[in-house]
Amino acid sequence: MQIDFTAIEKKWQREWEEKGVFEADPDGKPKFFITIPYPYLNGNLHAGHTRTLTIGDAIARYMRMKGYNVLFPMGFHVTGTPIIGLAELIQKRDERTIEVYTKYHDVPKDVLLELTTPEKIVEYFSNEALKALKGIGYSIDWRRVFTTTDEEYQKFIEWQYWKLKEKNLIVKGSHPVRYCPNDQNPVEDHDLLMGENATIVEFTVIKFYFEDGETNKIIFPCATLRPETVFGVTNIWLKPTKYVLAKVNDETWFVSREAYEKLTYTDKEVKLVGEVDARDFFGKFVVNPLTNDKIPILPAEFVDTDNATGVVMSVPAHAPYDYVAIEDLKGDEEYLKKFGLDKSLVENLKPIVLIEIENEKHTIPAKEIVEELNIQSQKDVEGLEKATKALYKKEFHKGILLDITGEYAGVKVSQIKDRLTRDLIEKGIGDVFYEFSEKPVVCRCGTKCVVKLVKDQWFLNYSNPKWKGKVLEHLKNMQIVPDYYKEEFRNKIEWLKDKACARRKGLGTKIPWDKEWLIESLSDSTIYMAYYILAKYINSGLLKAENITQKLLDYVFFGVGDANGVARSSGLDKEVMEEIRKDFEYWYPVDLRSSGKDLVANHLLFFLFHHIAIFPENLWPKAIAVNGYVSLEGKKMSKSKGPLLTMKRAVEEHGADVTRLYILYAAEYDNDADWRRRDVEGLANNLRRFYSLGLEYYKKEPKSLTKLDKWLISRFQRAVKNTREAMDNIQTRRAVNTAFFEVMTDVRWYLRRGGENLSVIFDDWLKLLAPFAPHICEELWHLKHDTFVSLESYPKFDESKIDVEAEAIEEYLRTLLEDIKEILKFVEEPKEVYISPAEEWKQEIIGIVLRSDNMKEAMKEIMSREEFKKMGKEISAFVKKAFKDKKDGLLLDSGINEVKVIEENIRFLERELGVKVSLNSEKVPESKRKSAMPGKPAIFVV
RNA sequence: GCGGGGGUUGCCGAGCUAGGAAAAGGCGCAGGGCUUAAGACCCUGUCCCGUAGGGGUCCGCGGGUUCAAAUCCCGCCCCCCGCACCA
C-alpha cells in the first residue's frame, strides 16, 4: 500500500502548531520541565542530535499523556570559535570545507558560498535547524526559542557571571595551551596536521647550579618527570653540542636552543645571552641544590635537546638510560679521552637507590632490568624505552621512598610528585616546564606548535572544595540514567579542575568586569534553562534587553528586592515582572536533562556546578539521562569530515515517524545506535502494516467479546504495563519493542486465530504508540475522534483485564500446533491426527508450587521424585512460569480444560495443519498415552 | 596508567541486580502462500543430528559452587569510551 507519510506528518505538524498544543504555561497540573542541550550550529542537525532529541521528545510526550504539564523548550548555541572558523574557511573557499558542507550537510553550493560571516552562518543554520526540528514533529514550545548571541541572552549571562564573581568562584590564574606561533593562536584538535593525541605534560625543573668562582651562578635546569629521583643523582647529562645561555627572570640558565625558544612562550622574562658549547663543560661540577652534592657534567648521546630543557639529571639506580650511559662511558676510553675526561670520574659513580618496592629485596633496579632485558648500549632505544616504562610503572605504583630522601621517607612514589615540586618551587630551586607528550605537533599551517602559558586568565574555580562538596552531595539525591553513570559523574566531579572561562576570540558575551575577554562557550551554557522562562516574554515583545537589569533578574529568579522598586528601575511593567516570577517559580527546577554521553565530562558537570552555585537548593536539577552516539552503516559520523546524515534528510527519505521509531529502537541508554538503511526500510514496512491494520479494523464496531478477544486484551494489558515501566526508566528501545513489535506479534496471532474485534485495543494502542510515532497515531486517531491523541491520557495497566485462562489456552494451542507440526514432518501423507490429553502431574506440581516459598525449594521436592526427574527441563520451565504467575497473583489452581479447548478449536487446528484432527484417546496407542503430560497431550498420526 | 562500560545464536541486540525450556524482539537469508507480475502482506524454517513431538552442543577463555549457570564465585584474554579548556 502506498502511504504518503510526508503529507500525513505535515498535516499534523500544522495542526499542532496552529492549535498551540505544545505551548505550556503554568496551570493546576503537576509540571515536568525537560530540557535537551541546545545544539551548536556550525552545521546542520544530524542523526546524533536526532537521537538525543527524539528520546527527549518521547519522554516529553509520554509525561504529557501521563497528566503532567510538560515544558519542552529549545534554543540554539552559537557562541565560541568554530562558527568563526567556518566563516573564514568559506571565505577562503577552502575545498575540503566546501565538499563536506555540500556533500554531507546538504547545503546547496551557491548558498554555502554566501555564508562568509558568522552572522550569516548563524542565520542560515538556525533557520535550517528550526525547519528540521519542526519537520520531525517534536513537541517543543517554540515561543521560547532563542540564540546565544541575542542581546537579551547576553544580559542574562552577565548577571550569571556577576553572581559567580560575588561568590568568589571566579579567580585569576595561568594555564598552558597548545599554541601556533605562526597563527599566534591556541590550536584545537581539528586545527592539527599532526599530533592530535599529544597531551601537555608537566616536567619538574630542578635548578642544579655551577659556580665559576667570581662569575655568576649558572643554572643547569634539569627537567624530569620523576623529581623524587633528585636524591639519587650522580651526575648530569648534556648532549655534546651547542647550547645557549639565557637570562631567565634574574637567573642565567644553561639550556638547549629549542628549550630557549619554548621558554619565550612561558610567563618568564627571557633574554638570549649567547651560545655556548656543552663540550666546554664536561668534567666540571655542578651542585645538587637539594643535597648539596657536587656532581660531574658528562656527555650522553641519548639526550634530546628538543625535549624540555635539554639538560638531564642522571639517576643510574632508577633510570635504565642513565645506568647504561654510565656503563657505556666506563667502557669507552676513547670517548672519554675525546672530551678530556678522566676515567676515575666515571668509575666513582655509584648508583644511589632511593626507592624500595614492598616485599622485595634491595637491589639496583635499573641495573637489574637492563641485565634482564640484555641491553648492551644506549643505542638500544627500543629496549631502554621498554625498561624505563616497566620500571617506572612498577615504582610508581608500588614504590616507597627510602630514608635517604629525608623528610619524604616513607611516602609513596605515586604521592610525591606534586608535593615535592611545590616544595622545590617554594625553596626557589624548582620550576615547571610544559612539553608535549609526543612530537611533533604541527598546525594546519605547517608550523610546529609550542606550549604557551596564558597569563592572567579568568578561571571558574571548580576545584574549590566547598563547591565540589556540595555538588557531590547533591549528586547523591539525583536520579541518573542509566544508574551506573552516577559513579561516572562522581569520579568526574572529583577530577574536575579549575577551568579557564575566558577567551580572546569567538562569539559570545564579554566578561562584564573585564571586557577584554569573552566568556568561553561551554561556560555560557550552564543555567540557561532558566532563560527559557524569560524567552517567552522576550519573543512576545513584553520584555526588552534594557529591562533585563541585575535587580530584575534577582527578583525574577530569587524573589529578592522590592517589587515596585525593581519594576521602576528596570522599566518593566510590574504585572509582567510578577508573571515572569510566577512562571519561574512554577517551572523550576529542571526535572530532567537528557543528553548525549559526550557531554558528561564537561557540560553536564558545569550544569550541575553552576546551578548549585547560583540557585537555592530547591531549584537544583532533579535528574540527568545519558544516551549514546549514532553511527552510519557501522561508521562513525563526523561533522567535519563525514560521513553524516542530517535530520532533515533522514526525515525526507524515510518520514518522521519511521526516523523516530528507528532511532528510539536502535539502541538503549549509552549504547551506540547504528543507522542502517535496510533496517530503516524494514521498519517502514512495519509501520505501513500498522497503518493499514488501522484503516482496516479501527472503525469496525466490536461485537461481543470472545475468549480470544479477552486474550488479546489481556496480552495488551501486559504490554501497557511493560511499556510504562520502560518509559519510566527512559528505556525507549524496550518501550518500542513492547508497544509496537510485541503487540504486533500478538495481533498477528489474533488475526490468524480468526479474531474480528481488533478495534477493542486500537484506541489504547494508538495512545500507547503516540509518544514514538505521533503523526501516524494522530492520523488514525482522527478516524474516530476530534481530539488530539497527543493530549489523551496514557493507557493504564488494568489488572482486572488480565485473563490467565485465555492466555493459557492460547499458549496451549500454540505449543500443540508446534508439536503436531513437528511430528507431521516425519509422516508421509498423513491422514488424521488423534489427540489424547493427560492431566495427572500438572495438578500435583501446581500444588507443590502453591505451598512452596520459592522455586528452589519446590524444585528440590519435585526433583526428588524419579518420574519427574527424567522430565527435568520441561518441569523446570513449567515451574518457573508457575512461580511467575504466583508472584503476579495469577496462578490458576486448576489447569485449563484441555478437552474442551481442543474441541472448540479443532477447525482452527485443521485449517492450520491441512489434515483432519480428532480428539480420540482410543486411537492413540498406550505407549504414547503414557508419555502424555498436562499441556502436552499424546498425539498420534496415521 | 586511572576511571566507566562491554564481549550472547549470520548481524543488531534482550536476558544477566532476584540461577530454572537453543535463549525475547528486529534485521538478513531460505522455502511456501497470496498476486497477471513485482512489492507489500501472511505462514514456516534458519547451531548440529534425527522417517514421532526427541537427542546433542552452545552464551570471550579456563576453573569452581549447585539437582540446575549466559546468569553466582575465582583466574585469564580481548574490545569500546573519557582523561579537558573543545563544541
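Modeller: A patch, as the term is used here, is made of residues with over 30% relative accessible area and no salt bridge, and like charges are joined within 9 Å. The model is a predicted one. In this model, K92, R96, R444 and K641 together form a positive surface patch. One of these residues, K641, lies in the loop that runs between β28 (635–636) and α22 (647–654). Exposed means over 50% relative accessible area; K641 therefore counts as exposed, as its relative accessibility is 54%.

A further exposed residue is Q415, with a relative accessible area of 54%. Q415 belongs to helix α14, which comprises residues 413–426. Between the C-alpha atoms of Q415 and I400 there is a separation of 9.4 Å, and the two residues are 15 residues apart along the chain.

Three strands form an open sheet in the order β22-β24-β23, and their pairing is antiparallel. Strand β24 covers residues 514–519 and is joined to β23 by 2 bridges, the two strands running antiparallel. Within this pairing, K510 has L518 of β24 as its bridge partner. In general, strands of a sheet pair through backbone hydrogen bonds, in either a parallel or an antiparallel manner.

Methods
Residues numbered from 1 in each chain as written. Chains lettered and ligands numbered in written order. Predicted model: local features only at pLDDT ≥ 70, side-chain atom pairs only at ≥ 80, totals over all residues. Heavy atoms only, no water. Patch = residues over 30% accessible without salt bridge, like charges linked within 9 Å, V, L, I, M, F, W, Y side chains within 5 Å. Areas by Shrake-Rupley, 256 points an atom, 1.4 Å probe, with all protein chains shown as cover. Salt bridge = Lys/Arg side-chain N within 4 Å of Asp/Glu carboxyl O. Lys, Arg positive; Asp, Glu negative; His and termini not counted. Charge placed at Lys NZ, Arg CZ, Asp CG, Glu CD. Helix = DSSP H or I, 4+ residues; strand = E, 2+ residues; numbered from the N terminus. Buried < 20%, exposed > 50% of the residue type's maximum accessible area, 1.4 Å probe, protein only. Pairing = 2+ DSSP bridges.
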